[in-house]
Structures are given as C-alpha cells and as structure tokens.
Amino acid sequence: MPIIAKWVCFSFVVRAKQKYYVVWRGRRPGVYAAWSQCAAQVEGFSGASYKSFPTRDEAERAFEHGPGAVAAGESRKGASAKPQASGVSALLVEVDPHDAAPHAALLARKDVVIYTDGGCDPNPGRGGYGVVLLHGEHRRELSTGYRLSTNNRMELMGWIAGLEALTEESRVVILSDSRYVGDSYANGAARRWQQNQWMRTRNDRAANSDLWQRLLKLCDRHDVRFGWVRGHVGVEENECCDQLAAAATVAHDQLIDENYENDTMVPGGLFGQ
C-alpha cells in the first residue's frame, strides 16, 4: 500500500511515490516494496548490488535479467547505473557464509545452480568429483572417479561435468568451497592465460590447459558466475558433493585421466597439483 503522509500546516494529503527495490547481491536477493526491507539485505554486505524501480513489473524483470542487463539498457539511454563496489567482479556472487541453503534465492531468479567438489587421495592419486545440479524443482547428482589425477583437475572436471549436463543455454551460478577454479575464472586469470597461449608468465606455463580450454568454451555458451561457500559448515548440497566425490575416489570403475597420465611420463609436464 502507498504511504500516506499528512502535511498539517497545509491541510492536504500527499501520496509518496511508491518504489520497488531489487537486490541482486545481498543477504537475500529479491524484490522488496520498502526501502527498510532492502536496506536490511544490503547494508554492511560486501559487494551489495541493488537498485530502485518505479513499478513492480520493471523490478521483477530487472531481477530476472540481472544487473548487467540493466546497466546495458541505461547506457543506451545515456543514464548511469549504480556502480559495482570496487574490486568486485561481475562474475562473482556474494554468498552469506551463515546461509545453509544459498541456492534458494538463486533458484527464485530461475538460475541454474551447480554445486561442485573434487579431490584426490593422495594428491596426485585416486580422484573423483561430485556435482549437484538444481533448477526449479529439478535436482540431479553426478560423480566420476579417476585412477590417477590431481585435486585441481578434479575441481575443473566437476565444473565441466555440470555445465556439459545442461541441454540449452542457461544462466548459471556455480557454488563451491574451492578457490582454484572459481577465482581463476572470475578474476579473469584463466582468460589471460588463454590469450597468452597458456603462459602464466614469460617462463611459466598454465597448468591444466586442456581442461581450462574445455571449461572456457562452456562458459562462452552459458552465463556463468561463481560463488564461494564455506566447506563443512552444514551447507547441505555442498556436503553432498563432498560425499559424492569421496565415494568416486574409491570406486572400482574408475576412468583414466589420459592427458594427466601421459603428461607424467614427460619431463617438465604441464599439469600441476
């Protein structure tokens, strides 16, 4: 309901203009009808992203399409969108570390949410990855084990498996407690390695370039962002991925990570830990 403000000295009633607030990044992303509700989600939240709109329809469309689409539309009109916080990548999603189900708000925006985990025991050694895909009411689990690989390669394969399972172009948020893949993707490092012919520096090659090439190609097809979640703090789907990966690590029907095994036979190979 519109707020009614009464100006006693003039003896007439003024209707305050209703606004609707979209929170893209905050404690609970969503559309809010009052500034107090919006403020509770964004104040003190690092990298918060939000904006007001004159109608609920506009707000809901903006929430669905994301801040990038709003910024692009305003740029065409000559207006300026609310700037993102300094140092915050557009490919990063802020996740409340105390939220046991951070995917809930993302699913409300009709995003595909992919949880991933992977590792080896020992490293290098027998490995596996676990993936949980969520979209609407749908849920799917994936896992695969390898007889010899590395922690980082299993993390990469988890991302790849999740994205390869999608049958059409999608807006995706990948949630993981691993920093290696997510940070290298979101901060642009992996793209720079690709542009530099997979060289991290003049003398050092980027590890796992075979898998990075596959992953970046998938990220070109989909709108992919990364959110880091804390491990082993009760985030249910993240814990499920950990269990799937651990089970795959000791499975009997493990696959061969051919690129890694072949590389280990070459002095100064390309694949790290």
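Which residues touch the most other members of the largest nonpolar core? In this predicted model, they are Ile114, Trp159, Leu163, Val172, Trp212, Leu215 and Val224, out of 33 residues in that core. Helix α5 supplies the largest share of the core, with seven residues. Apart from it lies another core, this one of 14 residues, including Leu134, Val173, Val229 and Val235.

**The overall picture**

Let's step back for a moment. The protein has 273 residues, 45% of them buried, and its secondary structure comes to 10 helices and 10 strands. Take the contacts with a separation of 6 or more: 65% of them are between residues 24 or more positions apart.

How far can you trust the coordinates? The mean pLDDT is 82, and 80% of the residues reach 70 or more. Two stretches need some care. Residues 1–16 stay under 50 in pLDDT, and the model has 14 contacts for them beyond four places in sequence. Residues 74–88 are also below 50, with 11 contacts beyond near neighbours in sequence. Where pLDDT is low, predicted coordinates should not be read in detail.

**Aromatic pairs**

The count of aromatic pairs comes to six. Two of them are set out here, and a pair of rings is described by the distance of the centres and the angle of the planes.

| Pair | Centre distance | Plane angle | Geometry |
|---|---|---|---|
| Trp159 and Tyr185 | 5.9 Å | 65° | edge-to-face |
| Tyr180 and Trp212 | 5.9 Å | 70° | edge-to-face |

Why is the Trp159 and Tyr185 pair called edge-to-face? Its planes sit at 65°, and the edge-to-face label takes angles over 60 degrees. This pair links distant parts of the chain, with Trp159 in helix α5 and Tyr185 in helix α6, 26 residues apart. Trp159 has a relative accessible area of 1%, so it is buried, and Tyr185 counts as buried at 5%.

The Tyr180 and Trp212 rings, with planes at 70°, are edge-to-face as well. Here too the pair links distant parts of the chain: Tyr180 belongs to helix α6 and Trp212 to helix α8, 32 residues apart. Elsewhere, ring pairs join Tyr21, Trp35 and Tyr50 into a cluster. There's a charge over a ring to look at, too: Arg179 lies over the face of Trp228, 4.1 Å from the ring centre.

Trp212 counts as buried, at 0% relative accessibility. Leaving out neighbours within four places in sequence, Trp212 is in contact with Leu156, Tyr180, Val181, Ser184, Tyr185, Ala190, Trp193, Trp198 and Ala207.

Its helix, α8, covers residues 209–221. The buried residues of α8 are Ser209, Asp210, Leu211, Trp212, Leu215, Leu216, Leu218 and Cys219. Among the elements covering them are α5 (151–164), α6 (180–186), α7 (189–195), β10 (223–228) and α10 (258–263).

Is Thr116 buried or exposed? With a relative accessible area of 0%, Thr116 is buried. Not counting residues up to four places away in sequence, Thr116 touches Gly130, Val131, Gly158, Trp159, Ile174, Leu175, Ser176, Asn238 and Cys241. Trp159 on that list is also one of the residues touching the most other members of the largest nonpolar core.

Technical notes
Residues numbered from 1 in each chain as written. Predicted model: local features only at pLDDT ≥ 70, side-chain atom pairs only at ≥ 80, totals over all residues. Heavy atoms only, no water. Helix = DSSP H or I, 4+ residues; strand = E, 2+ residues; numbered from the N terminus. Expected span 1.5 Å × (residues − 1). Buried < 20%, exposed > 50% of the residue type's maximum accessible area, 1.4 Å probe, protein only. Contact = heavy atoms within 4.5 Å. Phe/Tyr/Trp six-rings, centres within 6.5 Å; stacked < 30°, edge-to-face > 60°. Lys NZ or Arg CZ within 6 Å of the ring centre and 35° of its normal. Core = buried A, V, L, I, M, F, W, Y, C linked by side-chain atoms within 4.5 Å. pLDDT = per-residue confidence, 0-100.
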